[in-house]
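The following paragraphs go through a predicted model, starting inside one chain and then turning to the place where two chains meet. Please keep the sequence and the structure in view while reading.

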Amino acid sequence: MGRVALVTGGSRGIGRAVAERLGAAGHAVAVNYSRRADAADEVVRSIRSAGGSAIPVGADVSEVEAVAAMFETVGSELGQVEILINNAGITRDGLLLRMGEEDWDRVLAVNLKSAYMCSKAALRSMIRGRWGRIVSIGSVSGLSGNPGQANYAASKAGLIGFSKSLAKEVGSRGITVNVVAPGFIATEMTEGLGEVAVNAASESTSVGRLGTPGEVASAVEYLAADDASYITGQVLVVDGGLAL
Amino acid sequence: MDRADIESKMTELLVSELGLEKEKINPGASFEEDLEVDSLGVVELLMALEDEFGVKIPDEEAEELLTVGQAIDLVEKKLAG
């Protein structure tokens, strides 16, 4: 059954793969972007050309007014959001001793505060409809820690505590809240790592390679489906068997 | 809208939104003990009241609601401005 889905940061990387996957599954998808309207348009075109339904919706999800306007737009163009994918995320890596306050605040705002605001905005209609799926994209960084990523890891670990708490609050209303925690996935975010780091990352997995955005998206699609109705408050790690 | 109207609307909402039995609802009924409405259920009722009556109920005031009668009082007060 087709639902209305919103993917924050859906124009690139894992978000794009998730948006396309949900579109292919028959859901109407709102593809959120912050700056790359061209990239979001491309995702929307790709979903439509595969026979799906999608719209682009621009919003900086760290801003409360922008989030409200985004939900307004999606509500009037596609209907109330039933599947929310909190995917928008940024990195501002650096050792803690050299990490500026702005790098801390910005990462926490985009990666964690956005999930608070978007989930809150989506819940009203989900509770009424007695059905909802919230999946947030975490990271193995939030589970194991990673040097240079104190801010990013904190935001991703924060998503886990947030999701587990929310799962308990709304479980009785047919709403599940989960986290998918990817390991090393080949995206623009990991392209900056360099060949040596990519090889080391590949070798640290059991599968022996980086993951693809599609491999993360299939896990998200599953948790967003009707079938996953008895799974909530969980962290599904998609990391190819990473041993850090 | 007088108090009786508010009460009958409130009863309708409790039945339609929270699935309560109409017979159990009266101004003296406590949400938690008599009606077995959990804290999220009270929030649901408040959202429905906001939509139905076009009022805004701040969180601080919402926290003090224990009975149906108190919810009626609150809506009456909000409608009076």
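M117(A) is found in helix α4 of chain A, and in this predicted model its relative accessible area comes to 7%. Because buried means under 20% relative accessible area, M117(A) counts as buried. Once residues up to four places away in sequence are set aside, M117(A) touches V61(A), S62(A), E63(A), V64(A) and V67(A). A further distance concerns A68(A), which is 49 residues apart from M117(A) along the chain, while the C-alpha atoms of the two are separated by 8.6 Å.

A second residue of chain A to consider is K156(A), which lies in helix α6. K156(A) is buried too, yet it has no salt bridge, and the nearest side chain of opposite charge, that of D93(A), is 11 Å away.

The contact draws on eight residues from chain A and nine residues from chain B, and the area buried between the two chains is about 770 Å², with carbon and sulfur atoms giving 39% of it. On the side of chain A, the residues that lose the most area to chain B are R124(A), R128(A) and R173(A), which together account for 70% of what that side buries.

Charged side chains can also be followed across this contact through their pairings. Between chain A and chain B the count is seven salt bridges, and one of the pairings at the contact is that of R173(A) with D38(B), whose side chains meet in a salt bridge at 2.9 Å, N to O. Polar contacts, taken where both residues have pLDDT 80 or more, link nine residue pairs between the two chains. As for where the side of chain A that touches chain B comes from, α4 (101-129) and α6 (150-170) each supply at least two of its residues, and the largest share, three residues, belongs to α4(A). Sorted by class, that side has five charged residues, two nonpolar and one polar.

Note on methods: Residues numbered from 1 in each chain as written. Chains lettered and ligands numbered in written order. Heavy atoms only, no water. Contact = heavy atoms within 4.5 Å. Buried area = accessible area lost by both parts, 1.4 Å probe. Salt bridge = Lys/Arg side-chain N within 4 Å of Asp/Glu carboxyl O. Polar contact = N/O pair within 3.5 Å; in protein donor to acceptor, adjacent residues only side chain to side chain. Helix = DSSP H or I, 4+ residues; strand = E, 2+ residues; numbered from the N terminus. Nonpolar A, V, L, I, M, F, W, Y, C, P; charged D, E, K, R; others polar. Buried < 20%, exposed > 50% of the residue type's maximum accessible area, 1.4 Å probe, protein only. Lys, Arg positive; Asp, Glu negative; His and termini not counted.
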